[in-house]
Amino acid sequence: MARQSIHIVGASLAGIRAAEALRRRDFRGRIVLIGAEHQLPYDRPPLSKQVLAGNWDTDRIQLTKPEKLEELDLDLRLGVSATGFDLDSRTLSTSDGAEAVDGLLIAAGARCRTLPGAEDLGGVHVLRDLDQAMALRAELDEGPKRVVVVGAGFIGAEVAATCRERELAVTMIEALPTPLGRVLGEQMGEVCAEVHRQHGVDLRTNVGVDRLETGGDGRVAKVVLRDGAEIDADIVVIGIGVTPNTEWLEGSGLTLDNGVVCDATLLAAPGVTAAGDITRWPNYRFDEVMRVEHWDNAIEQGIHAAERLLTDDLDAQPFTPVPWFWSDQYDRKIQLAGRVRPDDDVEIVTGTLEEHRFAALYGREGKLVGVLGFNRPRHVMQYKTMIENGTSFTDAIAAEV
Amino acid sequence: MKIVVDFDLCESNAICMQIAPDVFEVRDDDFLYVLNENPDESDRGRMEECVQRCPKQAISLED
Ligand SMILES: Cc1cc2nc3c(=O)[nH]c(=O)nc-3n(C[C@H](O)[C@H](O)[C@H](O)COP(=O)(O)OP(=O)(O)OC[C@H]3O[C@@H](n4cnc5c(N)ncnc54)[C@H](O)[C@@H]3O)c2cc1C
Ligand code: SF4
């Protein structure tokens with residue numbers, strides 16, 4: 001099938017890697033890349049790490065060099081939002097007007113959830129984009145007396161770590177009994193908790209936030225917890241997860257369910273694919289419908305969704321990655337590959353929990369399904385390959401790595 | 001084409017090694033070794049993939 005043009009909505013990681021993949025596959029038609037942000041595509045992981053720490057300037061986080069961008073020959077529309085899509089008429093509406101589309105690749109990502117009533121309060125932050133990172137960094141530069149981080153997920157944990165590196169006092173509040181307990185299991189969640197406490201974070205678990213209070217100047221002054229505790233706060237960072245940016249697709253004819261629902265090959269409808277944080281699809285390898293919010297997934301999925309638009313239905317391949325991500329906190333590199341559940345079997349294969357340097361394998365029904373590494377990057381990749389190869393749990397434990 | 005790795009950025013996660021084991025190797029000492037600093041021009045596509053897939057943006061190509 002000869003496609004004339006492809007519109008990509010979302011000019012971030014998945015979107016730009018998709019555009020590059022189209023050209024690599026010799027697609028000569030028009031590529032329209034539409035992005036709501038004004039910046040050229042940039043990388044988000046450093047926002048909670050080097051950029052927030054003040055160690056990196058923003059020119060270090062570009063995802064493409066200007067000359068590469070030039071080569072791609074894109075119709076690049078920055079600062080433009082898609083506002084609607086109609087599948088029947090194949091019409092895309094944007095803040096610039098409506099136009100007919102041939103192929104459509106949806107890579108609009110996700111945005112941060114927040115607490116009710118927090119939007120208009122000074123000193124309250126979420127962290128998803130560059131503007132938000134720079135706003136938070138500017139307030140950290142002023143040396144706040146205490147930063148309160150709500151939510152001990154990966155982003156919250158990284159913000160807490162970066163603030164501690166800046167020698168700021170940090171309280172982190174987590175509603176679950178252990179941070180990431182639902183992701184990594186209780187035992188490993190406890191290791192994460194210990195790392196934070198050792199670095200001087202005042203970590204409060206098993207308690208929710210009741211409300212934020214202002215000092216009367218429109219800025220936050222206090223966080224009140226459900227157990228009645230009150231914490232003085234100059235700055236509050238909310239890291240309680242993300243919501244996929246699908247509102248503009250309501251009534252489009254596409255299926256939405258906490259993301260854009262695709263088939264196993266990433267097709268959402270004829271000539272429409274999705275990639276990155278916004279995508280929900282059945283990953284046959286794990287027999288599970290998933291939406292993955294990881295950097296590497298956005299790249300692989302961007303490439304796969306782009307190629308899918310150039311492939312006939314009969315030749316289309318399912319997208320079956322082993323999800324993988326990393327998180328840098330203090331001097332720890334935490335990496336997780338696979339799909340783990342809190343009730344999986346866990347076996348430490350190298351290192352010890354006490355030294356916070358180890359690799360832990362997760363097994364389910366006799367199969368290796370995941371690996372968690374603390375400062376064991378090479379091991380994680382080698383066990384990831386074993387997951388890809390369908391290695392049994394016992395063989396993985398016995399393997400020399 | 002010359003492979004340049006910024007070892008201050010590299011975290012030895014062996015992504016590049018998965019793509020090009022003949023060029024990159026992370027050894028038991030957990031350090032990355034570049035086995036071939038000057039891959040053939042015909043290998044540029046694969047090397048660019050390594051550049052893109054390195055989460056630390058530690059690899060660059062010099063012509
Ligand atoms: C602070 C931070 C740290 C992270 N650290 C890590 C890490 O250490 N490891 C890891 O694996 N992952 C990390 N991630 C996750 C990773 O960055 C994401 O998975 C990745 O950015 C997803 O890419 P994406 O292109 O799908 O979506 P996004 O990066 O969210 O991009 C979507 C783009 O679409 C635009 N958009 C939205 N709606 C519209 C519309 N209607 N019209 C036009 N444009 C629109 C948005 O403005 C945005 O630019 C981190 C994320 C953040 C925010
Ligand atoms: S992919 Fe990047 S960080 Fe990983 S080993 Fe290679 S150069 Fe180092």
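How many residue pairs are in polar contact between chain A and chain B, counting pairs with both residues at pLDDT 80 or more? The count is 10. The views below come from a predicted model.

**View 1. The interface of chain A and chain B.** On the chain A side, 25 residues take part in contacts. They meet 18 residues of chain B. Together the two chains bury about 1800 Å². Carbon and sulfur atoms carry 44% of that area. In chain A, the residues that lose the most area to chain B are A:Trp295, A:Arg378 and A:Met381. Together they make up 29% of what the chain A side buries.

**View 2. Salt bridges across the interface.** Seven salt bridges are found between chain A and chain B. One pair to look at is B:Asp30 with A:Arg378, whose side chains meet in a salt bridge. The N to O distance is 3.1 Å. A:Arg378 is also among the chain A residues that lose the most area to chain B.

**View 3. Surroundings of ligand 1.** Ligand 1 is surrounded by 34 residues. The closest are A:Ser12, A:Glu37, A:Arg44, A:Lys49 and A:Arg128.

**View 4. The shell around ligand 2.** The space that ligand 2 takes up is the largest cavity. Chain B supplies the residues around this ligand. By class, seven of the shell residues are nonpolar, two are polar and one is charged.

Notes: Residues are numbered from 1 along each chain as its sequence is written. Chains are lettered from A and ligands numbered from 1 in the order in which they are written. This is a predicted model: local features need pLDDT of at least 70, side-chain atom pairs count only at pLDDT 80 or more; totals for chains, interfaces and linings use all residues. Side-chain values use heavy atoms; hydrogens and water are left out. A residue is near a molecule or strand if one of its heavy atoms lies within 4 Å of it. On a 1 Å grid over the protein atoms alone, a cavity is a set of points where a 1.4 Å probe fits but cannot get out, and a pocket is an open set with protein on both sides within 12 Å along at least five of seven lines; lining residues have an atom within 4 Å of a point. A molecule sits in a cavity or pocket if more than half of its atoms lie within 2 Å of its grid points. Ala, Val, Leu, Ile, Met, Phe, Trp, Tyr, Cys and Pro count as nonpolar, Asp, Glu, Lys and Arg as charged, and the others, Gly among them, as polar. Contact means heavy atoms within 4.5 Å. Buried area is the accessible area (1.4 Å probe) that two parts lose on being put together, summed over both. A salt bridge is a side-chain nitrogen of Lys or Arg within 4 Å of a carboxyl oxygen of Asp or Glu. A polar contact is a pair of N or O atoms within 3.5 Å; within protein, one must be able to donate a hydrogen and the other to accept it, and residues adjacent in sequence count only if both atoms are side-chain atoms.
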